[in-house]
Amino acid sequence: MDTKTFTEKYYIDRTKSDTIKWQRGRKLKCLPMWIADMDFKDDERVIEKLREFIETGDYGYGNLPEDYYDVFINWHKKRNNVEYKRDTIRFSKGAVDAMYQVIYSLTEKGDCILINTPLYPPFKASIKQCGRKVVEVSMIDNEGFFTFDYKAIERKFKSGKIKMLMLCSPHNPVGRVFKKGELEELFDLCHKYHVLILSDEVHSDIIMPDQQFIPSLALKKYQNDIISLVAASKSFSLAVFSHCHVIIPNRKLFNRFVAYQQDHHTGSVNVFNALPTYYNYIYGEKWLDSLCNVVFENYQYFYKELSPYFEISNLEGSYLIFVNIGKYNKEKSAAKYLINKCSLLFNEGETFDPKYNNWVRINLATSMKNIRKAVKALKGIVE
Ligand SMILES: Cc1ncc(COP(=O)(O)O)c(C=O)c1O
């Protein structure tokens with residue numbers, strides 16, 4: 001489906017919606033292009049299936065559809081050439097919830113956990129909240145193309161105190177889809193220094209043309225070191241359902257994780273919340289491919305119009321871009337400046353790393369009409 005038809009068919013007018021994104025937009029009288037959900041509704045067959053479920057009126061103790069695991073496993077095999085095994089999969093109510101559970105169950109109080117910044121804020125928050133220590137290594141920024149600083153990472157690993165690396169792949173907010181070689185170099189270091197890898201892959205379905213996502217667990221050599229978080233929540237904008245898969249092939253780690261879940265009486269799947277994932281994996285593939293084209297078209301337009309003025313991250317995956325408006329920012333926080341000056345609501349760069357206060361994260365999963373509006377307003381500050 002072409003991008004125009006997709007937008008006509010699936011764009012939702014959310015101006016009155018009680019979502020966090022649009023409520024805050026209303027309050028501040030801004031066009032909301034922050035927080036990571038989309039302004040598009042799902043394929044009509046998915047909605048119809050959910051309606052059918054509601055209309056049965058049968059809300060007794062449910063079970064997952066019998067082929068749930070096959071549908072999940074086949075989706076990831078077909079799209080990313082990775083073979084998840086049914087008996088390595090656990091559930092959590094969302095990816096952030098899973099971060100906490102993994103940290104609590106597989107590291108000890110006081111352990112150090114390494115992250116590559118700038119980074120989606122709950123990574124750091126979860127480490128701190130769990131009583132572990134955050135070790136930050138800045139990514140190297142080559143004019144909007146961000147990569148790992150392996151030397152700095154190894155220097156930190158050499159302390160012997162780091163027990164886990166939390167990876168965001170694709171990376172939020174810098175939009176990288178890491179190449180196989182980049183992941184291998186990183187994982188080799190982790191293996192050498194006995195550092196576990198927690199790989200958050202919730203953006204892995206939103207991949208731009210000419211890019212190939214490499215799931216961490218597709219690199220089989222390292223699979224005993226890796227815990228992957230996999231969900232359809234970003235792919236089809238299902239955040240309200242809070243449903244995530246935690247995949248742990250290493251049996252010892254798996255058992256420790258399960259024991260933690262049992263101790264805390266958590267980890268049982270909420271069947272209703274799993275259904276949108278299931279139906280989207282069955283009916284949503286063409287929808288998703290069109291969505292990726294919409295995001296890419298939005299990115300290309302944004303980049304063409306604004307790259308002469310701002311540094312803009314390369315978009316390889318996700319629908320999020322990181323933009324440096326430093327040359328034109330007149331306040332401490334670029335995001336705050338843009339709220340006041342342009343009535344545009346983006347995420348504050350400083351929440352991803354304090355030194356990025358001149359940057360904003362922009363959500364491109366919306367209509368071209370909104371993108372044009374944002375571009376026009378942003379041009380206002382440079383002209
Ligand atoms: C990388 C990443 N992980 C996790 C989340 C949140 O996931 P959940 O809502 O399932 O906790 C987000 C949301 O933006 C994200 O970007």
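User: How many helices and strands does the secondary structure of the protein come to?

Analyst: The protein comes to 13 helices and 15 strands. Helices (H or I, at least four residues) and strands (E, at least two) are DSSP runs, numbered from the N terminus. The model is predicted: local features need pLDDT of at least 70, side-chain atom pairs count only at pLDDT 80 or more, and totals for chains, interfaces and linings use all residues. Residues are numbered from 1 along each chain as its sequence is written, and side-chain values use heavy atoms, with hydrogens and water left out.

User: What radius of gyration does the protein have, and what would a compact globule have?

Analyst: The radius of gyration is taken over C-alpha atoms, and the globule rule is 2.2 Å times the number of residues to the power 0.38. For 383 residues a compact globule would be near 21 Å, and the protein agrees, with 21 Å. Along the principal axes, its C-alpha atoms fill a box of roughly 60 × 60 × 35 Å.

User: How is the packing of helices H12 and H13 described?

Analyst: Two packed helices are described by the angle between their axes and the distance between the axes. Axes are lines fitted to C-alpha atoms, for helices over the stretch in contact, and angles run from 0 to 180 degrees between N-to-C directions. H12 (residues 334–342) and H13 (residues 368–382) pack at about 100 degrees, with axes 10 Å apart. They are therefore roughly perpendicular, the word for angles of 65 to 115 degrees (under 35 is roughly parallel, over 145 roughly antiparallel, the rest oblique).

User: Which residues of H12 and H13 meet?

Analyst: Contact means heavy atoms within 4.5 Å. Tyr337, Leu338, Lys341 and Cys342 of H12 meet Ala377, Leu378 and Ile381 of H13. Of these residues, six are nonpolar, none is polar and one is charged. Here Ala, Val, Leu, Ile, Met, Phe, Trp, Tyr, Cys and Pro count as nonpolar, Asp, Glu, Lys and Arg as charged, and the others, Gly among them, as polar.

User: Is Asp97 buried or exposed, and which is Lys27?

Analyst: Buried means under 20% relative accessible area, exposed over 50%, and partly exposed in between (1.4 Å probe, protein chains only). Asp97, in helix H5, is buried at 19%. Lys27, in helix H2 (residues 20–28), is exposed at 73%.

User: How many residues of H5 are buried?

Analyst: Nine of the 12 residues of H5 are buried, including Ala95, Met99, Val102 and Leu106. In the protein, buried residues make up 58% of the 383.
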